[in-house]
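Me: I would like to go through this structure with you and ask, at each step, what lies behind the words used to describe it. Please set each value against its cut-off before you conclude.

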Amino acid sequence: MPSETSQTLDRGLRVLRVLADSPEGLTVTELSGRLQVNRTVVYRLISTLEQNGLVRRDARSRLFVGLGVLHLASAVQPLLRDLAMPVLRSLAESLGSTAHLTVADGDEALALAVVEPTWTDFHVSYRVGARHSLAQGAAGKAIALLEVDEPSYAVTSGELQSGARGLAAPVRGVDGLRASVGVVTLDDAIDEDVVAPQVLAAAREVGERLR
């Protein structure tokens, strides 16, 4: 027997998904057409979401996702870190390289969790909260590979830090999450044949833990 669901809540969540996929914003009429719901219902949904800061409208009355969503998203970050840390710790210790979970935040890559190896004499330092363009570094470029169906990874050298090399793979199968797992190490310390399979496996395990 299927569980009961709330049609109103479902429609509200659909509003947020449609607006999130429409960076140029939508009018009420356009949103009504996308949802195939009459304008009166859409007005009620928008009014409720606006009151909670989840939807905003500009001077032209075009609708956008509101800043209240950022508060909800920030509450999820500790959960992501907690679930990913054991995997990152194992990866860092196995390879002797700094491991990280990086998420897309707009057009930037944000280092959400970082684990440095405990047994190496030298390793590359990488701090939680570090940001860089998604178009730079293995972590950002790996997130772009979510558009590619087959297992894949990105490798870069010296793009973010001179003398450092990174290898990262996208975290797949988690709706709404654009993220990668990777390692950063000294430029001559990555053997792709050894490192890539472990990074791919770690990214896959993080995805499984988040589902």
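Me: What makes helix α5 mostly covered?

Reply: In this predicted model, helix α5 spans residues 137–144, and six of its eight residues are buried, a word that requires a relative accessible area under 20%. The buried residues of α5 are Gly-137, Ala-138, Ala-139, Gly-140, Ala-142 and Ile-143.

Me: What covers the buried residues of α5?

Reply: The cover includes the strands β3, β4, β5, β6, β7 (164–170) and β8.

Me: What makes β3 largely enclosed by the rest of the structure?

Reply: Six of the eight residues of β3 are buried, so the strand is largely enclosed by the rest of the structure. Strand β3 runs antiparallel to β8, with six bridges joining them, and Ala-99 stands opposite Val-183 in β8. Seven bridges join β3 to β4, also in the antiparallel sense, and there the bridge partner of Val-103 is Leu-110 in β4. The strands β3 and β4 form a hairpin with two residues between them, and Gly-106 in the turn has a positive phi of about 65 degrees.

Me: Why are α1 and α2 called roughly perpendicular to each other?

Reply: Helix α1 (residues 7–20) and helix α2 (residues 28–35) pack at an angle of about 110 degrees, with their axes 11 Å apart. Angles of 65 to 115 degrees count as roughly perpendicular, and α1 and α2 are therefore described in that way. In passing α2, α1 makes a right-handed crossing.

Me: Which residues of α1 and α2 meet, and how do they divide by kind?

Reply: From α1, Arg-14, Val-15, Val-18 and Leu-19 meet Leu-31, Arg-34 and Leu-35 of α2. The residues of this contact divide into five nonpolar, no polar and two charged.

Me: Why are α1 and α3 also called roughly perpendicular?

Reply: Helix α3 (residues 39–51) packs with α1 at an angle of about 75 degrees, and their axes are 10 Å apart. That angle lies within the range of 65 to 115 degrees, and α1 and α3 are therefore roughly perpendicular to each other. In this contact Thr-8, Arg-11, Gly-12, Val-15 and Leu-16 of α1 meet Val-41, Leu-45, Ile-46 and Leu-49 of α3. Six residues of the contact are nonpolar, two are polar and one is charged.

Me: Why does Arg-62 count as buried?

Reply: The relative accessibility of Arg-62 is 16%, and buried means under 20%, so Arg-62 counts as buried. Arg-62 has its place in the loop between β1 (55–57) and β2 (63–65). Leaving aside residues up to four places away in sequence, Arg-62 touches Glu-24, Gly-25, Leu-26, Thr-27, Glu-30, Arg-56 and Arg-57.

Me: How do you know whether Asp-193 is buried or exposed?

Reply: Asp-193 has a relative accessible area of 69%, and the word exposed applies over 50%, so Asp-193 is exposed. Asp-193 lies in helix α6 (residues 192–210), and its C-alpha atom is separated by 32 Å from that of Leu-79, a residue 114 places away along the chain.

Me: How many helices and strands does the chain have, and what share of its residues counts as buried?

Reply: The chain has six helices and eight strands, and 42% of its 211 residues count as buried.

Definitions and conventions: Residues are numbered from 1 along each chain as its sequence is written. This is a predicted model: local features need pLDDT of at least 70, side-chain atom pairs count only at pLDDT 80 or more; totals for chains, interfaces and linings use all residues. Side-chain values use heavy atoms; hydrogens and water are left out. Helices (H or I, at least four residues) and strands (E, at least two) are DSSP runs, numbered from the N terminus. Buried means under 20% relative accessible area, exposed over 50%, partly exposed in between (1.4 Å probe, protein chains only). Axes are lines fitted to C-alpha atoms, for helices over the stretch in contact, and angles run from 0 to 180 degrees between N-to-C directions. Angles under 35 degrees count as roughly parallel, over 145 as roughly antiparallel, 65 to 115 as roughly perpendicular and the rest as oblique. A crossing is left-handed if the near helix is turned anticlockwise from the far one by less than a right angle, and right-handed if clockwise. Contact means heavy atoms within 4.5 Å. Ala, Val, Leu, Ile, Met, Phe, Trp, Tyr, Cys and Pro count as nonpolar, Asp, Glu, Lys and Arg as charged, and the others, Gly among them, as polar. Two strands pair if DSSP finds at least two bridges between them.
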